[in-house]
Amino acid sequence: MKEKLARGLNRMLDLMGYGEKWREWKRKRRAMFEEWELMYKALKRSPLAKAGAAMAVVFFILGIFGPQILALINGLYSLLYSQGIIKQKIVLDPYKIFAGPRLGKPSLLHPFGCDEYGRDLFARVLTGARVSLIVSVVVISLGIPPGILLGLVSGYYGGKVDEFIMRVTDVFLAFPALVLAMAIAASLGAGLKSAIIALTIVWWPSYVRLVRGQVLSARENVYVEAARAIGVSNLRIMVKHILPNIISPVIVLATLDFGTVVILNAALSFIGLGAQPPTPEWGRIVYDGLDYLMMAPWYSIIPGTAVFLTALGFNLLGDGLRDVLDPRIRRSIEFASGRE
Amino acid sequence: MAELKYYLIRRVITFLPTVVGMLFLVFLVSHIVPGDPARLWAGPEKAVKPEVLEKIRRQYYLDKPWYVAFCYYMRDVFTGNWGKSPVTNRKIIDDIKTYFPATAELAIVSELLIIAVGVPFGIVSALKRDSIIDHVARVFSLIGTSLPIFLTAIFFQYVFYFKLRLVPLGGRGVKPEVVRTGLYILDSLLCGDWHALLENLKTIILPALALSMLGMGIVTRITRSSMLDALGSDFVDYAKMKGLPNRWVIYRHALKNALVPVVTVLGLQFGGLLSGAVITETVFARPGVGRYAVQAAYSLDYPAIIGVTLLIGLVYIFANLVVDILYAWIDPRVRL
Amino acid sequence: MSRRDEILRIEDLYVHFYTYAGVVKAIDGVNMSVLRGETYGLVGETGCGKSVTMRAVLRLIPPPGRIVKGRVIFNGVNLLELPEEEMRKIRGAKIAYIVQDPTAALDPLYTSGFQVAETILAHEENVGKKSVWERVVSLFKSVLIPDAERRVKQYPHEFSGGMRQRVVIACAISEKPELLIADEPTTSVDVTVQAQILEVLEDLKKTQEMTMILVTHNLGLVAQICDRVGVMYAGSIVEVSDVFRLFEEPLHPYTRGLLNAIPHVTRTQFRLEPIPGTIPDLINPPPGCRFHPRCKHATGICKREKPKLREIEPGRFVACHLYRGD
């Protein structure tokens, strides 16, 4: 199956005239591809990691297609209404007030119940997935590259540069992430944009540390020395020789961090510094529901559970990936796949 | 032991630049903001009189170059002049003094819970690898690291207060007869006020449990993996070759080595607890600095937020210093 | 075979590792016998199972390895049938082990003196702390660690590689063991220190009347200090001989290959001859004699039947179909 796919892909690229270029590119990055293959094999072996991957995919789908899914359900409702099967005309809309009873219990028509304004919580939680998705994708994709870059430079050059970068990193790491993000978000003025900027600013330092540590050990490898001996430029060594070999722990951490960003963003909104009402944000919905915990526990607990399940999915996935990094487990996978 | 002393002196000296760096970061965050910082410091009211803004500019040295302002700022921080809240018009440092003991108590109890649950759980799970208990520990640590604190807190509150009525809703607990340290549990122990002790324990148990779930998960996992590393290491192997009794091999050699990374993680967790306290205290209406910061955020009381940030940062690096000292005490290699 | 007093006898030992990739048949029917007072050299390539065999003697095969069958008879007792507590009393006291990598073997968190002392305390009851400490100092002196009184209080990271190896030797001889197993004792130290370590070992052996098994891949070392040699290949002993006759006239094709692969001072020789091929895969080992794919004398029977270790002249044993004698 996998081979068929690969062959099909190759043929397609051949037809488009990119086949040779693609294979050349693949050959050059063999180390990276082998890493990915290994990760894939590790994932296939672990049921927990597979469950995590499934949860992460669901999160992405809900985040991307949330409004479409909502529209689909609304279409179904109006069909049922026109047929006279349901008595009320119901539209699931995250913003529409008095769409249902105030603090209504979960029911068939409002599966997650309603909030104190009678807004449908199912629609709000579903739409909230998109907010969380946007925040986590933006923070991860903006926060990690500078971290990798600084870590590479720091570990590769060492000396004064390293000392300086690490001191700065230490200062950032001297704060718990949530607290620093809180201060930054507050000074930028509460809002979704501030939350994203604040989380991005606190995100890079842990990657500097991770990458630096990896570079320090990769630097001693024979292939790096060989590249240096034949006069390959420093930049090229860093990007072409070191980076592909240290990228897998970064991928693992980034996977785990996806969940952490979702949690922290929800926490920022919970504190009142993230997305502002009426934007449906999971953490904020939890906070708003706090006052009604006794009468309407679902109000807070359902969006909270959404955060939990998202984080759990990425944690399971990242954990499965991390197994590959454990040299003992890694060796046995390599051995079993005939790579020794 | 002489080298231990030199190590400590060196460590304290390298600790100072971090403090200065930290102050600089806070200074940066609070002074270089888009728009007019003075307006931000002035508080939530839309229309502020120009003379008030002028006064704030002078008070926070916004009229001076940044490096001069930073020097003044450092002086102010160390002399306890942390600014005034434009909302309540109280001194920030006084508010923090009032609220900090509740947070400190919560964080300490949570840290103790983490140590008491995470470390033994991790050890047992490593010793009985692939047994039921090991699988339970793995699931426990996965759930612990994925649970957002607000969900845990709300869930505990709903079950144990609203449904079972086993514990109070939250709050600060009962003031013991004599207050000396401000940590009510410790104070009621010291003066023998058993009623207050019981009430305070009941008040703190839920927030502390909710707060420590994450740390328990992380510590269980780290302890397990570092214990497994130690059990598979050459020196444990060699200890067996020397014919040492199993008890010595596991507790004297494997465990002590396994604890070295665990101590670091425990220190890092303490910072996590302080930031988690922000949320826990809000859910349980516990009057600590965390709840204070959240109220400040909702009322746009900017100086108060910065004050709490500074406090947590300082406590955090102090905790790291303590960890480093412990580290050097356990591991002789570090002292060099 | 019991012309002289036998201290250790391994019979038909099998050790398998149950890995994710399959069952690694690491030790495949080892037979060996070590006489009291001799220095026995166990040689072979890396990964041929020398260390595993020696660890099997102490019953310390790390998981996922298991001793499948066989007998390890030490002073007339089968160690594999002893209860664990009895076995523990033998480890370190009757049979001591010197490891390959002293840096990894010493616990970094305890002083080197303490690690020697705890060996004594593990095997002797009712000894005073002070007398143990004095013994540790004198042990340090006997392995020629200078400034012993100060050194006992230092941590392993404060020692050089050679000094750490001496600490490990001090541990090993602390209980005056009858059998000393030295597993590549000199591989992790540099050449000048190697000579000193060997000197210490030889001296100790003479003064303490110990039997020693030297595990090594270094044939020079074997020629220098061993009385008898066992050659191991892919999990079995292929040849046993006294050291002179082995170097004079090796019998097994593998031994010959080994000797041709090292430079020789007394012979005029222009090229070193490597043994063709590589060590076999121990998950799916070749049938019959495990050496046959690399052997130039291999015949049909070598592929079918595993040769037994047979005595073909007094004191010389070989496991090869070339010497069937009929």
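**Where chain B meets chain C**

Let us start with one residue: setting aside its neighbours within four places in sequence, Lys242(B) is in contact (heavy atoms within 4.5 Å) with Arg91(C), Gly92(C), Gln115(C), Glu118(C), Thr119(C), His123(C) and Cys171(C). This is a predicted model, in which local features need pLDDT of at least 70 and side-chain atom pairs count only at pLDDT 80 or more, while totals for chains, interfaces and linings use all residues. Residues are numbered from 1 along each chain as its sequence is written, chains are lettered from A in the order in which they are written, and side-chain values use heavy atoms, leaving out hydrogens and water.

Lys242(B) sits in the loop between α10 and α11 of chain B; helices here are DSSP runs of H or I with at least four residues, numbered from the N terminus. With a relative accessible area of 4%, Lys242(B) counts as buried, a word that means under 20% (1.4 Å probe, protein chains only).

Now step back to the whole contact, to which chain B gives 23 residues and chain C gives 27 residues. Together the two chains bury about 2300 Å², 62% of it on carbon and sulfur atoms; this is the accessible area (1.4 Å probe) lost on being put together, summed over both. Tyr238(B), Met241(B) and Lys242(B) supply 32% of what chain B buries against chain C, more than any other three residues.

Charged side chains also pair up here. Three salt bridges cross the interface (a side-chain nitrogen of Lys or Arg within 4 Å of a carboxyl oxygen of Asp or Glu). One salt bridge joins Arg252(B) and Glu118(C), at 2.7 Å from N to O.

Methods:
Helices (H or I, at least four residues) and strands (E, at least two) are DSSP runs, numbered from the N terminus. Buried means under 20% relative accessible area, exposed over 50%, partly exposed in between (1.4 Å probe, protein chains only).
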